Amino acid sequence: MPESFGRRIYLVLFGLIFISMIILTVHFREGEDGPIHRAQRAVLAATSPLQAVVATTLSPVRDGWDYLIHFGELTRENRRLSAEVALLKGKVFELESLKQENARLRTLAGFEKEHKIKSIAAHVVGMPTSNWWSSVIVDRGSSDGVRRNMPVLAGGGLVGQVSDAASSVSKIILLNDVQSGVSVQDQRTGEIGVIKGQLKDKTLSIQYISRDSLIHKGDAIITSGLGGVFPKGIYVGRVSAVQESTYSLYKVVNVESPVDFTNMDEVLIIDKAANFFFKEGK
């Protein structure tokens, strides 16, 4: 670099420093209406719109850049949050299941306390699928005191009877099984018939009800106590329809049970006791 060129550089720098000192001195000594302050305001007014346009234009670029920089961290955070949400959903489902089970067990315990009967609470652990049979398997057996032909209740009514008892499990033939037959009684008229399951849709129907019967829709149906298997007075359901056939000596009486035979979780196996009566829905 030539020596004369270097001197000019130093002179320019010295001049700029000197001018800056003069401007700073004037800036601090002058008032708000001084020339330096007015020049600042003029420059600010002239460049503000441009600064706004530049900031608005660059904002998506800045956001996109930030997204790319933090993409890996966001992905990991999203996975962690998804796992936490799945875990919390599982806990909520578990708590809700326990709440419903507790309510059902309280209802079953109410049976025993209210009617002063000896009973065995059991969980349904199997529900064999068949077009011909309707039964469930429960987790109580002969070692728990379960014996064949014991009546079984759930959901506010009779559901069936024990057909077989192994050491730790038992099989329950449900009331809507086509082979099941329980002597029942219309609580209002006293008429007696046999309630059975229907092969077609496994609904309940009372057989051997005379054409002259006064049974009506809405009548409560309870066990009659005949046959020596079921104590008298267990609630079975309500008459949902009464039909007559020209070619039959009997009426067709359908009964709606309070029990959902396809969705049972707990049952109550009872010892045969003296006559008692279960209130509907209890």
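Tutor: Start with strand 12. Glu266, Leu268 and Ile270 point one way from it, Val267 and Ile269 the other way, and all are buried. This is a predicted model: local features need pLDDT of at least 70, side-chain atom pairs count only at pLDDT 80 or more, and totals for chains, interfaces and linings use all residues. Residues are numbered from 1 along each chain as its sequence is written, and side-chain values use heavy atoms, with hydrogens and water left out.

Student: Why do the side chains point two ways?

Tutor: In a regular strand, side chains alternate between the two faces of the sheet.

Student: Why is strand 12 called largely enclosed by the rest of the structure?

Tutor: Buried means under 20% relative accessible area, exposed over 50%, partly exposed in between (1.4 Å probe, protein chains only). Five of the five residues of strand 12 (residues 266-270) are buried, so the strand is largely enclosed. Strands are DSSP runs of E, at least two residues; helices are runs of H or I, at least four; both are numbered from the N terminus.

Student: What makes strand 1 and strand 12 a pair?

Tutor: Pairing takes at least two bridges found by DSSP. Strand 1 (residues 119-126) has five to strand 12, and the two run antiparallel. In that pairing, alanine 122 stands opposite valine 267.

Student: How do you know that strand 3 pairs with strand 12?

Tutor: Two bridges join strand 3 (residues 151-154) to strand 12, in the antiparallel sense. The definition asks for at least two, so the pair counts. Valine 152 stands opposite isoleucine 269 in strand 12. Valine 152 also stands opposite glycine 160 in strand 4. Strand 3 and strand 4 (residues 157-165) pair over four bridges, again antiparallel.

Student: Why is leucine 13 called partly exposed?

Tutor: Leucine 13 sits in helix 1 (residues 3-29). Its relative accessibility is 45%. That value lies between the 20% and 50% cut-offs, so leucine 13 counts as partly exposed.
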